[in-house]
There are 2 protein chains.
Amino acid sequence: MSSRFDRISSETAYEGRFISVRNDRFRMEDGEEVDREIVGHPGAVAVVVHDDENLWLVRQPREPVGVPDLLELPAGKLDEEGEDPVETAKRELAEEIGKAAGRWEHLKTYWNSPGFSDEEIHLYLATELRDVQKPEVDEDERIDIVIWPLADLDGLIDAISDGKTLVGLLELRRRRP
Amino acid sequence: MSSRFDRISSETAYEGRFISVRNDRFRMEDGEEVDREIVGHPGAVAVVVHDDENLWLVRQPREPVGVPDLLELPAGKLDEEGEDPVETAKRELAEEIGKAAGRWEHLKTYWNSPGFSDEEIHLYLATELRDVQKPEVDEDERIDIVIWPLADLDGLIDAISDGKTLVGLLELRRRRP
């Protein structure tokens, strides 16, 4: 069974630098009306990166959760209007790791918090790496590169407490022989 | 390396029914100050549920992402102040599936969107199931129960496009012999 619905009103309650909050009302197919508080987000990409021997990750401060050194996949918001997500992923791989990849595979696209946000995450696997010049970026990011042996993928998964990184690494593990 | 920081100011920009938005300023250990837009969220639990033969899931409309029938783990927000997350998980299992579990295992606790939200998700595995009376709830939820053969865990994972459900099922797969 499915429960279809139509949006009958939408009110912007907050408009920020990259997120917004809407209060929307929906009419369900049984006629009932429900209110939903929705965080609007541009979406994001994250990349599982390895060279057959090591995985390449980043460690960075995450002020929203009070963690000075969270270990994550290279990732970034879809902030270029209309850009294909894999192109955003290629930019992030160059900016954060200083690599380009000869092979790109789509791993999964999913809703990160479908109960209250429209954020969609696109996960890719990047392999056949080569070095590139890191482009200059003006963001106030403090990113360290972390290299982890692919042979210890389970140890890495145990060390992760970021959602998209868990999905990416667990999906890599599922696909490996 | 880590980059420690102190919160030096916090301004509530939006206060909603269950989320809020703050504009916080942090001083990093190198002295630079950065601004962060942060969605405050009470946190959530989600439960991988099986009886050794079948997995028990829910299908429900998710208005924020425009999907009438998203397949997910039973889950819920931590909306009782001070409640242990596993107690919230037990309530959700009774309310959404009509089951209690003889065995509870913690699978993972992680940050769902550490770049812009403090949402933490607690994942559990519930087994040794028995039927219980579904408590009355007054929420406007339209939840159908979905039963999926445990032997087709990979087929289920392929069908999922919800973040917490992916982490839970992929972690279950990693732990199974």
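The exercises below, each with a worked solution, concern a predicted model.

**Exercise 1. The layout of chain A**

Task: State how many helices and strands chain A has, and give their order along the sequence.

Solution.
- Step 1. Chain A contains three helices and ten strands.
- Step 2. Read along the sequence, the elements of chain A come in the pattern β-β-β-β-β-β-β-α-β-β-β-α-α.
- Step 3. For the extent of chain A, take the C-alpha trace along its principal axes, which spans about 55 × 40 × 30 Å.
- Step 4. Chain A has 177 residues, and buried residues make up 55% of them.

**Exercise 2. A salt bridge in chain A**

Task: Find the partner of Arg27(A) in a salt bridge, and decide whether Arg27(A) is buried, partly exposed or exposed.

Solution.
- Step 1. Side chains of opposite charge can pair when their charged atoms come close.
- Step 2. The partner of Arg27(A) is Glu33(A), with 3.2 Å between the closest N and O atoms.
- Step 3. A salt bridge requires a side-chain nitrogen of Lys or Arg within 4 Å of a carboxyl oxygen of Asp or Glu, so a distance of 3.2 Å between Arg27(A) and Glu33(A) qualifies.
- Step 4. Buried means under 20% relative accessible area and exposed means over 50%, with partly exposed in between.
- Step 5. Arg27(A) has a relative accessible area of 39% and is therefore partly exposed.
- Step 6. Glu33(A), with a relative accessible area of 34%, is also partly exposed.
- Step 7. Over all chains, the structure holds 44 salt bridges.

**Exercise 3. Salt bridges between chains**

Task: For the salt bridges Arg142(B) with Glu32(A) and Asp154(A) with Arg174(B), say where each partner lies and how accessible each partner is.

Solution.
- Step 1. In the salt bridge of Arg142(B) and Glu32(A), the N to O distance is 2.6 Å.
- Step 2. This pair crosses between chains: Arg142(B) is in the loop between strands S9 and S10 of chain B, and Glu32(A) is in the loop between strands S2 and S3 of chain A.
- Step 3. Arg142(B) is buried at a relative accessible area of 14%, whereas Glu32(A) is partly exposed at 39%.
- Step 4. In the salt bridge of Asp154(A) and Arg174(B), the closest N and O atoms are 2.9 Å apart.
- Step 5. Asp154(A) lies in helix H2 of chain A and Arg174(B) in helix H3 of chain B, so this pair joins two chains.
- Step 6. Asp154(A) is partly exposed, at 30%, and Arg174(B) is buried, at 13%.
- Step 7. Asp154(A) and Arg174(B) belong to one network of salt bridges that share partners, which includes Asp158(A), Arg173(A), Glu171(B) and Arg175(B).

**Exercise 4. Aromatic pairs**

Task: Classify the pair Phe116(A) and Phe18(B) and the pair Phe5(B) and Phe26(B) as stacked, tilted or edge-to-face.

Solution.
- Step 1. A pair of aromatic rings is described by the distance of the centres and the angle of the planes.
- Step 2. Centres must lie within 6.5 Å, and planes over 60 degrees apart count as edge-to-face.
- Step 3. For Phe116(A) and Phe18(B), the centres are 6.1 Å apart and the planes stand at 75°, so the pair is edge-to-face.
- Step 4. This pair crosses between chains, from the loop between strands S8 and S9 of chain A to the loop between strands S1 and S2 of chain B.
- Step 5. Phe116(A) is buried, at 6% relative accessibility, and Phe18(B) is partly exposed, at 26%.
- Step 6. Phe5(B) and Phe26(B) are also edge-to-face, with 5.5 Å centre to centre and 85° between the planes.
- Step 7. Phe5(B) is in strand S1 and Phe26(B) in strand S2 of chain B, 21 residues apart.
- Step 8. Both are buried: Phe5(B) has a relative accessible area of 16% and Phe26(B) of 2%.
- Step 9. The count over all chains comes to six aromatic pairs.

**Exercise 5. Positive phi in chain B**

Task: Give the phi values of Asp52(B) and Glu128(B), and locate both residues.

Solution.
- Step 1. Most residues other than glycine have a negative phi.
- Step 2. Asp52(B) has a positive phi, near 75°, and Glu128(B) has a positive phi of about 55°.
- Step 3. Asp52(B) lies in the loop between strands S4 and S5 of chain B, while Glu128(B) lies in strand S9 of chain B.
- Step 4. Asp52(B) is exposed at 64% relative accessibility, and Glu128(B) is exposed at 51%.

Notes
Residues numbered from 1 in each chain as written. Chains lettered and ligands numbered in written order. Predicted model: local features only at pLDDT ≥ 70, side-chain atom pairs only at ≥ 80, totals over all residues. Heavy atoms only, no water. Buried < 20%, exposed > 50% of the residue type's maximum accessible area, 1.4 Å probe, protein only. Helix = DSSP H or I, 4+ residues; strand = E, 2+ residues; numbered from the N terminus. Phe/Tyr/Trp six-rings, centres within 6.5 Å; stacked < 30°, edge-to-face > 60°.
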